[in-house]
Amino acid sequence: MFFTHLECSKTGKTYDKDALHNLSEAGAPLLACYDTDKARKMFTPQSLLGRRKDMWRYREMLPLRTDAPAVCLGEGGTPLRETPRFKSAFGLNKVFIKDESVNPTGSFKARGLSAAVNAALERGVNAFAIPTAGNAGGALASYAALAEKPAHIFMPKDTPEAFKQECISAGAQVTLVDGLISDCGKMVAERKQKKGWFDVSTLKEPYRLEGKKTMGYELFEQLGGSLPDVILYPTGGGTGLIGMWKAFDEMQRLGWIGSERPAMISVQAEGCAPVVRAWQQGEEQARYWEGAHTCASGLRVPAAVGDFLMLRAIRESDGKAIAVSDEAMMYYSNEMARLTGIFPAPEGGAVLAALMQLRDEKTVGADDRIVLFNTGSGYKYLEAFKAFT
Ligand SMILES: Cc1ncc(COP(=O)(O)O)c(C=O)c1O
């Protein structure tokens with residue numbers, strides 16, 4: 001194993017990898033660091049041939065002490081779909097959809113929560129808590145159930161029904177909150193010490209990011225040992241975007257790629273776009289978004305602890321941050337279903353709506369290799385589809 005230590009993303013201060021951590025003393029996310037000099041000798045693209053298909057195939061760059069995770073549902077290894085009908089529909093010839101909806105629990109959140117729960121189990125955690133927009137709660141409920149540990153899940157009371165039910169069915173304790181995910185986060189923070197819960201909020205523990213970064217490694221493998229020109233990613237807390245950016249950095253240090261990077265496009269909803277506003281205004285951090293509303297519940301995140309890391313990745317990659325309306329994201333969710341057979345989450349429709357903006361303003365051309373992330377399944381958002389049909 002090549003995992004060496006944790007590092008504060010603001011100050012660079014190092015932390016012991018074997019202890020249990022939330023944020024650093026500076027209140028910033030901790031990042032897992034690996035000995036890539038040592039790993040590069042044996043962890044090569046060729047070494048992956050014949051390995052298991054899920055995300056644990058990248059075990060050298062994952063934080064577990066053992067070869068096999070204690071709880072696993074086969075997360076990761078999702079398909080990168082071609083979109084032949086986008087050629088005539090949109091004039092774009094090389095668009096791929098990374099279809100995260102086929103993950104266990106129906107979203108890319110399975111990657112992060114699987115990594116976080118397994119790492120926490122190795123460090124003796126007995127109970128978990130999470131504030132959630134929906135998908136992360138469902139994923140935690142499932143992995144905690146497998147591990148026979150309690151999960152305390154705080155979600156806004158207007159979260160679509162399927163999210164609530166999957167947590168309840170898996171035996172989690174669900175608290176419905178009259179507020180947003182940020183209010184849920186406060187409730188977890190107020191209770192966790194007294195109750196002995198480990199808080200697995202987005203980026204407030206180091207390992208969800210490690211699970212999510214495997215999407216970057218998969219893209220490299222699925223594109224024949226190269227990266228796309230452009231990645232469009234629906235951004236709430238930002239773990240996927242920051243995680244892939246971290247993966248590309250690791251891949252460069254491992255000697256798999258050079259300094260080239262895809263343009264990272266962060267997509268948010270017009271009703272909750274703190275990262276877009278900060279990017280437009282040249283700010284390094286995002287201000288709290290008042291009155292957040294959107295039917296893409298995963299994008300209803302008015303403040304993110306990793307905002308500065310997202311903004312850094314967007315700028316360093318020469319990318320952009322784009323907001324789309326709920327009408328556009330639902331229209332393009334249906335278009336994605338019609339043209340590709342994938343029934344996406346509204347967050348997946350949002351990236352297709354954003355792609356139309358990029359095409360119209362000629363930021364992308366017909367032959368650019370573009371990857372859209374459909375981060376979840378439409379099945380959990382029937383209320384949103386019905387409201388817009
Ligand atoms: C389907 C879906 N897409 C995107 C997001 C945003 O993810 P991230 O926190 O990685 O920005 C979420 C978060 O809940 C989600 O459920």
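These are my notebook entries on what I looked up in this structure, which is a predicted model.

**Entry 1: the largest pocket**

I began with the open spaces. Rolling a probe the size of a water molecule over the atoms shows where empty space is left. The largest pocket came out with a volume of about 600 Å³. I counted 38 residues in its lining, and those closest to the centre are Ile181, Thr202, Gly237, Val301 and Ala303.

Which elements supply at least two residues each to this lining? I found helix 4 (135-147), helix 6 (181-195), helix 7 (208-222), strand 10 (230-234) and helix 8 (239-253). Helix 6 has the largest share, with five residues. I then sorted the lining of the largest pocket by class and got 15 nonpolar, 17 polar and six charged residues.

**Entry 2: the second largest pocket**

Next I turned to the second largest pocket, which has a volume of about 460 Å³. Its lining has 19 residues, and Leu31, Trp245, Lys246, Asp249 and Leu309 lie nearest the centre. Two or more lining residues come from each of strand 1 (3-8), strand 3 (30-34), helix 8 and helix 10 (307-316). Helix 8 gives the most here, with six residues. By class, I noted ten nonpolar, one polar and eight charged residues in the lining of the second largest pocket.

Then I looked at how the inside is packed. In soluble globular proteins, nonpolar side chains tend to be buried together. The largest nonpolar core in this model holds 64 residues, and the members that touch the most others are Phe43, Tyr217, Met244, Phe248 and Trp256. Helix 8 turned up again, giving the most to this core with seven residues.

What does Met244 touch, leaving out residues up to four places away in sequence? My list reads Lys213, Met215, Gly216, Leu219, Ile231, Tyr233, Met264 and Phe373. Another core, of 60 residues, lies apart from the largest one, and its members include Leu92, Val125, Ala296 and Met356.

On to the sheets. Strands of a sheet pair through backbone hydrogen bonds, either parallel or antiparallel. I traced an open sheet of three strands in the order 2-1-3, with antiparallel pairing. Strand 2 (14-15) and strand 3 are at its edges with a single partner strand each, so one side of each has no neighbour in the sheet. Strand 1 and strand 3 are joined by five bridges.

Parallel or antiparallel for the four strands in the order 8-7-6-9? The pairing in this open sheet is parallel. Strand 8 (173-177) and strand 9 (198-199) are the edge strands, each pairing on one side only.

Ala129 stands opposite Asp199 in strand 9 and opposite His152 in strand 7. I also checked both faces of strand 6: Phe128 and Ile130 on one side are buried, and so are Ala129 and Pro131 on the other.

Why do I call strand 5 largely enclosed by the rest of the structure? Buried means under 20% relative accessible area. Five of the five residues of strand 5 are buried, so the strand is largely enclosed. Val95, Ile97 and Asp99 point one way from strand 5, while Phe96 and Lys98 point the other way.

For partners, I found strand 4 (residues 80-82), which pairs with strand 5 in the antiparallel sense over three bridges. Leu80 stands opposite Lys98 there. Strand 13 (residues 370-374) pairs with strand 5 in the parallel sense over five bridges, and Asp99 has Asn374 of strand 13 as its bridge partner.

**Entry 3: Asn93**

My last stop was Asn93, in the loop between helix 2 (85-90) and strand 5 (95-99). Asn93 is partly exposed, with a relative accessible area of 32%. Leaving out residues up to four places away in sequence, Asn93 touches Lys87, Ala366 and Asp367. I also took a distance, C-alpha to C-alpha: Asn93 and Val200 are 40 Å apart in space and 107 residues apart in sequence.

Terms used: Residues numbered from 1 in each chain as written. Predicted model: local features only at pLDDT ≥ 70, side-chain atom pairs only at ≥ 80, totals over all residues. Heavy atoms only, no water. 1 Å grid on protein atoms, 1.4 Å probe; cavity = no way out; pocket = protein on both sides within 12 Å on 5 of 7 lines; lining within 4 Å. Points joined across faces, edges and corners; volume = space filled by probe spheres on them. Nonpolar A, V, L, I, M, F, W, Y, C, P; charged D, E, K, R; others polar. Core = buried A, V, L, I, M, F, W, Y, C linked by side-chain atoms within 4.5 Å. Buried < 20%, exposed > 50% of the residue type's maximum accessible area, 1.4 Å probe, protein only. Contact = heavy atoms within 4.5 Å. Pairing = 2+ DSSP bridges.
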